[in-house]
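Me: I would like to go through a structure with you. Could we begin with the terms for surface exposure?

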Amino acid sequence: MKPDDQPEEAQGSRETGRGALALGVSSVAVYGTPALVFLPPWIRFFPVYLGVPLGICAIVFGVSVLWGMRGDKGADRRRARAGVALGTLALAVPIAGLVWLSWALHH
């Protein structure tokens with residue numbers, strides 16, 4: 001019997017958190033694009049502005065998937081949790097930079 005032939009309640013949750021993980025990885029990866037010196041400057045620094053929106057999307061999608069998985073004992077929540085963690089990291093980096101910049105300008 002193939003997995004698709006099983007009753008719906010036996011298949012488990014179809015939400016896996018892949019989207020949240022992909023958004024989280026891309027939100028962190030865009031902070032590394034200025035290091036790609038072989039690209040023109042306008043291309044290297046443009047994706048940095050996408051890090052915060054991608055991080056917010058990773059957190060929102062990850063939390064919504066985790067919310068949908070609640071009560072499902074067999075659900076694998078690792079991808080959704082990793083997406084939320086990477087999205088949080090993508091938001092923490094610019095906030096830490098702004099706090100440091102504010103502190104440095106006042107001292």
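Reply: A residue is buried under 20% relative accessible area, exposed over 50%, and partly exposed in between (1.4 Å probe, protein chains only). The model is a predicted one, in which local features need pLDDT of at least 70 and side-chain atom pairs count only at pLDDT 80 or more, while totals for chains, interfaces and linings use all residues. Residues are numbered from 1 along each chain as its sequence is written, and side-chain values use heavy atoms, with hydrogens and water left out.

Me: Is R78 buried or exposed?

Reply: R78 is exposed, because its relative accessible area is 61%.

Me: Which residue forms a salt bridge with R78?

Reply: The partner is D76, and the closest N and O atoms are 2.9 Å apart. A salt bridge requires a side-chain nitrogen of Lys or Arg within 4 Å of a carboxyl oxygen of Asp or Glu. D76 is partly exposed, with a relative accessible area of 37%.

Me: How many salt bridges does the structure hold?

Reply: The structure holds one salt bridge.

Me: Now to another topic: where is G32?

Reply: G32 lies in the loop between α2 and α3 (41–45); helices here are DSSP runs (H or I) of at least four residues, numbered from the N terminus. At 34% relative accessibility, G32 is partly exposed.

Me: How far apart are G32 and F45 in space?

Reply: Their C-alpha atoms are 9.5 Å apart, and the two residues are 13 apart in sequence.

Terms used:
Helices (H or I, at least four residues) and strands (E, at least two) are DSSP runs, numbered from the N terminus.
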